[in-house]
Amino acid sequence: MNLILMGPPGAGKGTQAEYIERKYWIPRISTGDMFRTAARFSTELGLQAKELMDNGQLVPDEITIGIVRARLAERDCAKGFLLDGFPRTVTQAKALDGILADWNKELDAVISIEVPTDVLIVRNCGRRTCSQCGANYHVQFNPPLLANECDICGGELQHRSDDREETVIKRLAIYAEQTKPLTDFYAERGLLISINGDQSLSAVFRDIVESLQERTRKEV
Ligand code: AP5
Ligand code: MG
Ligand code: ZN
């Protein structure tokens with residue numbers, strides 16, 4: 001299955017991507033995680049991305065498209081993939097069409113997780129992320145078993161540097177302006193699945209799985 005997971009900052013893309021990855025055995029490709037890893041290793045790309053991310057701005061299209069093209073060429077993507085946080089602009093969406101056409105691949109669905117803005121601010125500000133494996137937690141809605149320690153790998157939990165309230169508000173505005181229009185782009189092609197993300201983690205996942213099953217049944 002070739003999937004895109006869309007939604008504003010804090011919608012639950014990363015959280016649901018972990019569940020989808022485990023259920024369908026497809027690799028999750030998060031451009032945000034790739035940039036954060038590069039920043040941790042202080043590569044040239046990482047330092048450039050970090051400055052933009054900390055400011056709530058997008059990394060330039062040509063850089064982002066380049067890393068996604070290279071990642072999709074890796075062997076594990078042959079059986080399918082889940083893009084988390086890409087594409088984020090019309091230019092990126094068109095570039096993805098080109099990449100997939102080169103390899104005779106097609107998208108199966110674009111899942112868009114919808115959540116009201118006030119909820120998004122609370123979610124982003126309370127998020128904690130594992131410094132080792134990138135797993136997501138929330139101090140209130142999805143706490144780890146041991147305070148400040150990842151349930152999966154024992155890594156230390158951190159507050160993301162772009163999760164300050166003023167940066168979150170900026171990220172939400174950029175989403176509305178540059179990324180939200182992509183829902184129409186994909187709806188016109190009959191690929192869009194809108195999911196109510198303002199429910200429990202398990203209810204959101206259940207709706208995603210049921211919608212994907214419904215689509216598969218229609219295709220048969
Ligand atoms: P990225 O890392 O993709 O961040 P984002 O899109 O802003 O989304 P988040 O990761 O903040 O939220 P999420 O939807 O994954 O939510 P999560 O599951 O963590 O990108 C970061 C930056 O990188 C960008 O700003 C940009 O600079 C750059 N970048 C990345 N991709 C790019 C691209 N394609 N082009 C250009 N630049 C790019 O959940 C949030 C919190 O809520 C967690 O604490 C979680 O536990 C909790 N939660 C989740 N679901 C629920 C629920 N149902 N109920 C209660 N709590 C919940
Ligand atoms: Mg994320
Ligand atoms: Zn971890």
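**Values and criteria**

Q: What makes the pair formed by the side chain of Thr 179 and the backbone oxygen of Arg 88 a polar contact?
A: A polar atom of the Thr 179 side chain lies 2.8 Å from the backbone oxygen of Arg 88. A polar contact is a pair of N or O atoms within 3.5 Å; within protein, one must be able to donate a hydrogen and the other to accept it, and residues adjacent in sequence count only if both atoms are side-chain atoms. The 2.8 Å distance is within 3.5 Å, so the pair qualifies. The model is predicted: local features need pLDDT of at least 70, side-chain atom pairs count only at pLDDT 80 or more, and totals for chains, interfaces and linings use all residues. Residues are numbered from 1 along each chain as its sequence is written, and side-chain values use heavy atoms, with hydrogens and water left out.

Q: Why is Thr 179 called buried?
A: Its relative accessible area is 4%. Buried means under 20%, exposed over 50% and partly exposed in between (1.4 Å probe, protein chains only), so Thr 179 is buried.

Q: How do you know whether Arg 127 is buried or exposed?
A: Arg 127 has a relative accessible area of 11%, which is under 20%, so the residue counts as buried. Arg 127 lies in strand S5 (127-130), and its side chain makes a polar contact of 2.7 Å with that of Asn 124.

Q: Why is Ser 42 called partly exposed?
A: Its relative accessibility is 47%, between the 20% and 50% limits, so Ser 42 is partly exposed. Ser 42 is in the loop between helix H2 (31-40) and helix H3 (44-54), and has a positive phi of about 50° although it is not a glycine.

Q: What makes the radius of gyration of the protein agree with that of a compact globule?
A: The rule is 2.2 Å times the number of residues to the power 0.38, with the radius taken over C-alpha atoms. For 220 residues a compact globule would have a radius near 17 Å, and the protein has 17 Å, so the two agree.

Key:
Chains are lettered from A and ligands numbered from 1 in the order in which they are written. Helices (H or I, at least four residues) and strands (E, at least two) are DSSP runs, numbered from the N terminus.
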